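Subject: Structure handover

Hello,

Here is the structure we spoke about. Please open it next to this message; my notes follow below.

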Amino acid sequence: MAKIYRDGDVDMQILNGRKIGIVGYGNQGRAQALNIKDSGFAPIVANRDDQYREKAIKDGFEVRSISEVAREADVILFLIPDEVQPQVYDEQIRPYLNTGDIVCFASGYNVYYGTIKPPEGVGIIMVAPRMIGRAVRDLYKKGLGFPCLVACEKDKDGRFMLIALALAKAIGATRFGAFDSSFKEEAIIDLFAEQMLWPGIIKLCLLYFEKLTENGCDPEIVTTELYLSGEFVEIAKAMIVSGFFGQLKLHSQTSQYGQLSRADRMAPPELLNRVDEVIDEISSGKFHAEWVKEQKDGKPKMRKLWQQALEHPLSESEAKLETLRRIIAESYEGPD
Ligand code: NAI
């Protein structure tokens, strides 16, 4: 089992006297900057000239350019989208790094695929929350934590890991637990969930929508059943509270029997071959190469896929249920 570090295992003093720079003020950047500030540090924020910069100024940060922060900071949290990181790193960060500086990533992607290689003498660490940015902030404010994965490269004396853990504590993650991981493991697990787990749910919902409506069921009732009621959010919560299988007891006996006796049908051998295929595409870099090419070509396939998704009859049903959707959505969204 991976080592899990909690608050009591970590000393944040190692960050004292080190200037912490946050590059990017989006989902993770804003949440991490505010949490680090509330943990008693004075991070400096860098952002290009866009609406995120305005947000950071509104939150009370004096926002600088990325190269300025790269020059000034000793520890740089690199919190802009993975696909733009290599170019921004090459042009605005790398030229200003000094020996002993540390660059911290919130995902393993660019380090695993070798698209960012800090120079000799510069440390690279990872503090990757397993939580969306908004919840990183909300949980912190409630005094709660969230899981994160930590890793470091070329850690000769263990100092980089101590810094990664101190940052994990400063953002509130070790209140729950920081798992000792690696850039590779984070990249594989993260991409796997994105390419098998979530699309599996999406594809099945679309297929069931098509089949049930073909069989005479009302499209809006089917849409409500499949996701809009929020029942599957409640089931996911019950999995945490009562256990993955324990939550089954909240369902009727008929439902329990139906679920347990039919589960194997959902994983035919062809699907298992697909799982192997996806893991291979991710770990070999085949998916990464395809995505780099798609971006270079101006994302034509991505546009087409989006168009197809929005044209699906389920989107039409969702639009008809807009008022109901808003009522349920409001019960989830707390104040920003
Ligand atoms: P985001 O999409 O919210 O990033 C927006 C920020 O990036 C803004 O500050 C924007 O000004 C800046 N930005 C965008 N394009 C830029 C460019 N070309 N040049 C300079 N700045 C640019 O990013 P997000 O989702 O916060 O992701 C940041 C990192 O955190 C990534 O490594 C991601 O994998 C990781 N991560 C994200 C999670 C999430 O909640 N979205 C969860 C866990 C990890």
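Start at Ser317. Ser317 is buried, with a relative accessible area of 2%. Its place is in helix H15, residues 313–320. Beyond residues up to four places away in sequence, Ser317 touches Phe209, Pro219, Glu220 and Thr223. Keep in mind that this is a predicted model.

Domains

The chain is divided into domain 1 (4–181) and domain 2 (186–332). Domain 1 gives 13 residues to the contact, and domain 2 gives eleven residues. The C-alpha centres of the two domains lie 31 Å apart. Between them, domain 1 and domain 2 bury about 990 Å². Of that area, 56% is on carbon and sulfur atoms. Which residues of domain 1 lose the most area to domain 2? They are Tyr109, Tyr112 and Tyr113, together 54% of what that side buries.

Two salt bridges are counted between domain 1 and domain 2. Separately, look at Arg130 and Asp190: their side chains meet in a salt bridge, 3.2 Å from N to O. Arg130, Glu186 and Asp190 are linked in a network of salt bridges.

The sheet

Nine strands form an open sheet with mixed pairing. The order is S1-S9-S8-S7-S6-S5-S2-S3-S4. Strand S1 (4–5) and strand S4 (63–64) stand at the edges. Each has a single partner strand, so one side of each is left without a neighbour in the sheet.

Strand S7 (residues 123–129) pairs with strand S8 (residues 147–153) in the antiparallel sense, over six bridges. Take Val127 as a handle: its bridge partner in S8 is Val150.

Helix H1 (residues 27–38) lies across strand S2 (20–23), strand S3 (44–46), strand S5 (75–78) and S7. Helix H1 runs at about 160 degrees to S2.

Two loop residues

Ile80 lies in the loop between S5 and helix H4 (85–93). Is Ile80 buried or exposed? Ile80 is buried, at 17% relative accessible area. That counts as buried because the cut-off is under 20%. Leaving aside neighbours within four places in sequence, Ile80 is in contact with Val23, Gly24, Gln85 and Val88. Asn47 is 33 residues away from Ile80 along the chain, yet their C-alpha atoms are separated by 9.3 Å.

Lys299 is found in the loop between helix H13 (286–296) and helix H14 (300–311). Check its backbone: phi is positive, about 55 degrees, although Lys299 is not a glycine. Lys299 counts as partly exposed, at 32% relative accessibility.

Salt bridges

How many salt bridges does a search of the whole structure find? The search finds 15.

- Asp50 with Arg48, the closest N and O atoms being 3.0 Å apart. Asp50 is buried at 16% relative accessible area, whereas Arg48 is exposed at 61%.
- Asp157 with Arg159, at 3.5 Å, N to O. Asp157 counts as exposed, with 56% relative accessibility, and Arg159 is partly exposed, with a relative accessible area of 29%.
- Asp297 with Lys293, the closest N and O atoms being 2.8 Å apart. Asp297 counts as partly exposed at 44% relative accessibility. Lys293 is exposed at 53% relative accessible area.

Best wishes

Technical notes: Residues numbered from 1 in each chain as written. Predicted model: local features only at pLDDT ≥ 70, side-chain atom pairs only at ≥ 80, totals over all residues. Heavy atoms only, no water. Pairing = 2+ DSSP bridges. Helix = DSSP H or I, 4+ residues; strand = E, 2+ residues; numbered from the N terminus. Contact = heavy atoms within 4.5 Å. Axes fitted to C-alpha atoms, helices over the stretch in contact; angles between N-to-C directions. Buried < 20%, exposed > 50% of the residue type's maximum accessible area, 1.4 Å probe, protein only. Domains from an automatic or database assignment. Buried area = accessible area lost by both parts, 1.4 Å probe. Salt bridge = Lys/Arg side-chain N within 4 Å of Asp/Glu carboxyl O.
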